[in-house]
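Welcome! Let us work through a few exercises on a protein, each with its solution laid out in steps. Have a look at the structure first.

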Amino acid sequence: MAGVRLAGPVVDLDALERAAQDVASAHESLRCAYRRVLGANSSMLMVIEDEPRINVTDSRGDVRTIVREQSRMDAYENVIGLTLHTDADGHRSLILSAPRLSMDDTSAGIFFRDLQQAYAERLNGKSWTRDDVVQYADFAQWQLEEAAPTADQKKAAAEERARLMALAPLHLPLELRSDSTGREVLEWPVPAPLAHSLRELGRDLGHGLRSVLLTGWLVALWHATGQPEAFAVDATLPGRPFDELAASVGSFETPAPVFAAFDDKTTVSGLLAGTDQGLMSAGFESGLAELPMQYAAVIPGFTFTDVAEFPADSAMVYEDLWVEPLSLIHKVDLVARATVEGIRLTLSYQAQGMADGGAEALLTCLRAALEAMVGDPSTPVSEWAMLDEDAVRALIEAVNAQHAPSVRPAHWHRQVEQTAQHSPDATALKATARVWSYRELDESANRLAHELIARGVSRGDLVGLCLERSDLAIVAMLAIAKAGAGYVPVDPQLPSKRRATIADAVGFRQVVATDADGLELPADCDVVLLDAELTVCADRSSGRPDVETTDDDLAYLLFTSGSTGTPKGVMVGHGQLAVYLDGVVDRLGLTGAIDSAALSTLGTDLGNTALFPPLMTGGSLRIVGACDSGDAQALADLLTEETFDLIKITPSHLEAVISVAGEPSRLIPRQALVLGGQATGWGSYGLLQPLLGDCKLFNHYGPSETTVGVLCGEITDNRLAGLTSTLPLGRPMRHARCYVLDRNRRPLPVGVPGDLWIGGASVSQGYLAGTASSGESFIEDPFTPVQGARMYRSGDRARLLPDLTFEFLGRGDRQIKVRGFRVEIGEIEAVMRQHPRVTDSLVVFTGESMTARLVGYLTDVERTRGSADWLRCYLAERLPEYMIPAHFVALEAFPLTSSGKIDASMLPEPSTYDAGSTSTVEPRTATERKVADVWAQLLLLKSVGADDDFFEIGGHSLLATQLVAKLRLEFKVNLKLRHLFERPVLAELAEYIDQVLAEKAEVK
């Protein structure tokens, strides 16, 4: 399909038809019929007929409707259609339809030029003919006989094909999986000054406009798809190697793969040279020729036509030639048409192939690339901004549109004091052995604060909190805040060297603990030992200490892992904690007194979402000890028996609890279930959605460096499941600001992946001196009007979705090399999670040299265990071969760390899946044999020996939870998780079970 706008006098339809017959007579390809030789999948036979078949009509209405109707005609029918169309405004067009095998894009311009001449002759009563036409059939015969590819050319084409198949597929902005055969388009008439400058650039650097526009397309794709290392574009070339073919009509076009490789130093000059070389080296034998469709379709396309000016003094005057790209197979194509009037770019893409805003983002990058090209050609393309200042300002304001209240929120310990004043008898804390009222909590904390002050603690100090999660730990945290100091949690279960590292980094002078043994503290450190009655401070005043805290005073110091192996100390001030808590309570829509449960270790801030709000609002905080929270059955029982308004938990932890719960719906809190700590797949949403009832489900994200979390959003449906591999992170909470930036810290359009940077009032004070450098991660925020504000580089990759929520794309530093190819592990995990059966995924790279391999671990909705090779075909459709894991392993649940995150170090080795025990001691008693069967089933072993240690043959903390649950059902005994840790050897555990059974029998 092609067309031109008409200017000048009314067209004579009879003369037009005769002129079209003259043109068809001059060009054999316009008189060709196409027939399959041996059925639907056989070769096409081109038959030249004597008489042309011309159909001239006129029409009115919408021109796009006419184009759609004409495009539905048989692509191989040898009818040349001409439609004289008049739209509602009286504008006239001449629309051409012809078999695609008869005419390429360049031929459309030739046809209209010849038709113009023939029409003028027919108006004068003369016929028109041409004697200088080289027929396409003659060229095809020459190509068959004289230009047949040599063995070397065939080899080069095969190598080129292999290179194309090895490329990682580009992920377009907001790309969707679509089976549609339709196309959608976006058009952009390049402004005249820019079009002129682009032509001048080509001339100045010795390149044509084709190479300039193709280079701009390459740069746009690179920026829009996350700056991949290398990719290719299928460029359509005219395929007319001789000047004599310049005026011939036929299907001469040929595909040519143009490869592009980028780094931080790549310039437009270098790209232009590479583009020219790729176009010039293209031959008749192309690696694209026999490329399987699944590879060819994902390679972006490029077509360029430079249309010569039509004579303006002819009897039929044309303007604005267009050609409808009917044969495009790619997910996205750029069709460029240049005329003397200017340049028109058309972005053609697969219908439903990108979500709303995706194509616009790609076109935005193309505009930016072309505008930047006419600047300094020596500037690296990595430094080109994809958004201008106005677009940046509008996007940032739209994303960060939340407004914080004018009054700064009070510090958490002051809010506890206020509650103690107006509701002193309300329940503040619930622990296994004790219930605390607000009066008891506040007065006890006051006494302990006075004790700390008496021992030398002053405002701005750091006090060690060497306590497990307990009611005493909450009292100590509150007391430390009242004394004006910040608490530093040091989990007693940490390895001694880790505890010593933390103590040395902080230089503790005071530490609160229940046991002084093994703390690895400095010699001059004062240990404040607590007992259940708080005897150490019983004689101190219960009145509030006269100490005021400012926003800059530290509330706590948390240690997180560092890439160097040394933990980093993150300093969070009272001001940062206060605005976080204000923001999250607002986003969750919680009002009044909030009841929640503390399930996470104090050593991370994951649990702070549920820990502080109850104490600030007059609600009740249920303290769940480490033993109960780590035991899925015990936690399931607790959450079933008690009800809460708010629960914050990792998805893996929650799924482990659901798996052993008798009534999973009773685990769900009344108002808000908050998931955080790890990416959550849509399979998890499918698992949770039927259980929610009136409870709202939220996904929460944020690094410790920005105080617990900054993004939070309610998940109400799975409409985005086809677009995202994980649940969206939501939008910034009030007080927080988030940006998706490129490598040079410039905002990117919606849908374009980049680095996630976080600003706002919750950004922490940085790292403790000596533990890490804050300079590279915490820098001035240029996107906020707040003077001196900073932003933090999270190290995570993200993109904005059409509704301006954020999608987590994985870590930016999980890149590995597999057989020389760079692989982003997060991408594999994301694709695995797109499978409707997969709830979570983790890919690890194991082995060295020739034994190196990827292993994909997953959990699924059916809670299967063992080989998950059913996922291989799914990934093979979406990823190149080298990105597909060698093994797929389904687990009932992932092993978890004490903070509820996946513990990759505890994943079973693939080599043990079918292995048997190396023990020589067979199980001897009936109980040993039953326990051995359960172990073997859980650990995927063929056999287990009586002297095997559960944790030495593949067992870990999460499997231990499952083992205890299975043994409870098998033997009907009240087995605890600690019993397994105390007796990890099979014979010892079986003996204990026999003892319990004997005691039960005696009781009966």
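## Getting an overview

The protein has 27 helices and 39 strands; helices (H or I, at least four residues) and strands (E, at least two) are DSSP runs, numbered from the N terminus. This is a predicted model, in which local features need pLDDT of at least 70 and side-chain atom pairs count only at pLDDT 80 or more, while totals for chains, interfaces and linings use all residues. Residues are numbered from 1 along each chain as its sequence is written, and side-chain values use heavy atoms, with hydrogens and water left out.

**Exercise 1.** Find what span the C-alpha trace has and what share of the residues is buried.

*Solution.* 
- Step one: along its principal axes, the C-alpha trace spans about 120 × 70 × 45 Å.
- Step two: 56% of the 1004 residues count as buried. Buried means under 20% relative accessible area, exposed over 50%, and partly exposed in between (1.4 Å probe, protein chains only).
- Step three: take contacts, meaning heavy atoms within 4.5 Å. Among those between residues at least 6 apart in sequence, 71% join residues at least 24 apart.

**Exercise 2.** Work out why helix H17 counts as largely enclosed by the rest of the structure.

*Solution.* 
- Step one: H17 covers residues 608-617.
- Step two: 9 of its 10 residues are buried, so the helix is largely enclosed. Among them are Leu611, Phe612 and Met616.
- Step three: look just past the helix, where Gly618 takes a positive phi of about 85°.

**Exercise 3.** Is Thr267 buried or exposed, and which residues does Thr267 contact?

*Solution.* 
- Step two: the relative accessible area of Thr267 is 19%, so Thr267 is buried.
- Step three: leaving aside neighbours within four places in sequence, Thr267 is in contact with Pro377, Ser378, Thr379, Pro380 and Val381.
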